[in-house]
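Please keep the structure open while reading.

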Amino acid sequence: RTNAEDQKESDIVRDLKFLIQTWEKIRKEYQTAQKQEKIYEDLDISFRVVRDHLDSSVESVLVNNEAAQKKLYKFIKTIAPEHSQKVMFYKEPPDLFTKFNVPEQIEESLKKKVQLKSGGSIIVESTEAMTVVDVNTGRYSGKSTMEATILKTNLEAADEVVRQLRLRNIGGLIVIDFIDMAETANKQKLYKFFERALKEHDKFQSVVLKVSEFGLLQMTRKRSGKTLVQELTQNCHCCHGLGFAKSPKTQCYNLLNKLKDSIESNNLKGALTFGINPIVFDFMTNKEYNAILELEKQYKIKITFLSLKEMALDQFTLEQKK
């Protein structure tokens, strides 16, 4: 419904015919399908991209595989014949991704901070509940008043936020903390600009509320699969997705407690070998040497510390010498 707004009747009819053909094919397959047999599968990713994004705003579709290019051409000839001539075979070198700096752009899209041309920046942070975008003025000052400078930065940020939502495939509840403006008219101008930018450049359904007294703009955007971060990354093995790791000091105390618990629960005696990360090893042997002596005295044991590079900050090994 949202995507159909302002579209030509012929485009809607063509899309409807394609969907009906797909549905009829599913029904036909269903009639003869065996138990647990797959009767329908969504298109290959290249076909899905073309289906969802190919319109008059796209200048060309470059494919670096001749066979795939022919298949795409045939597919587009069926669903959107007026765009079929846009599908072109790309001959390497350089590599297609290299030519258009795709790896670098992906790296930029995974960073929290995005620089604006004016010198300002936006910070994008996502949680389970929502995504928060913070807008900062940076070093830009300009020749006009502070209010005009802030409005200019906010408008530039609004345009970039729309772009980042698409690139990162962010959906759900989104809160944007724009730089606070004193004039109500400027808040209204920012709201209208942002709403128009979404309508013109983002195909996914969204609902936007007006800028609040605190300069916050709340919106929802339709979810569509995994975000870019979820697709391309995994939780850090050190911080386990928290975004921070415990300091060597904190890890030292945690490991000393674990060492004490292991000694008591296993009734360890005699000489022990305690292997830990080199960073924790340095802190423990230099700053907590007296605590180690107290531990040896309390349990009547002798502890030899090993610095092991393969150990994470929170890992340890404990062996009793025979």
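**Sheet and charged pairs in a predicted model**

Strand E3 and strand E4 (residues 121-126) run antiparallel and are joined by three bridges.

- The strands form an open sheet of six with mixed pairing, and their order is E3-E4-E5-E6-E8-E7.
- At the edges of this sheet stand E3, which spans 113-115, and E7, each of which pairs on one side only.
- From one strand to the next, the twist averages 20 degrees.

- Helix H6 lies across E3, E4, strand E5 (130-136), strand E6 (172-177) and strand E8 (216-221), and H6 runs at about 35 degrees to E4.
- Helix H7 also packs on the sheet, where H7 touches E6, E7 and E8, and the direction of H7 makes about 175 degrees with that of E7.

- Lys-203 and Asp-55 form a salt bridge in which the closest N and O atoms are 3.0 Å apart.
- Because Lys-203 lies in the loop between helix H7 (184-201) and strand E7 (206-208), while Asp-55 lies in the loop between helix H2 (45-53) and strand E1 (61-63), the pair ties together parts that are 148 residues apart in sequence.
- Lys-203 counts as partly exposed because its relative accessibility is 32%, and Asp-55 likewise counts as partly exposed, at 23% relative accessibility.

- Glu-160 forms a salt bridge with Arg-163, with the closest N and O atoms 2.9 Å apart.
- Both residues belong to helix H6 (residues 146-168), in which Glu-160 and Arg-163 are three residues apart, about one turn of the helix.
- Glu-160 is buried, since its relative accessible area is 15%, whereas Arg-163, at 37% relative accessibility, counts as partly exposed.

**An exposed salt bridge**

- The side chains of Lys-38 and Glu-41 meet in a salt bridge, with a distance of 3.3 Å from N to O.
- Lys-38 and Glu-41 are both exposed.

Technical notes: Residues are numbered from 1 along each chain as its sequence is written. This is a predicted model: local features need pLDDT of at least 70, side-chain atom pairs count only at pLDDT 80 or more; totals for chains, interfaces and linings use all residues. Side-chain values use heavy atoms; hydrogens and water are left out. A salt bridge is a side-chain nitrogen of Lys or Arg within 4 Å of a carboxyl oxygen of Asp or Glu. Buried means under 20% relative accessible area, exposed over 50%, partly exposed in between (1.4 Å probe, protein chains only). Helices (H or I, at least four residues) and strands (E, at least two) are DSSP runs, numbered from the N terminus. Two strands pair if DSSP finds at least two bridges between them. Axes are lines fitted to C-alpha atoms, for helices over the stretch in contact, and angles run from 0 to 180 degrees between N-to-C directions. Contact means heavy atoms within 4.5 Å.
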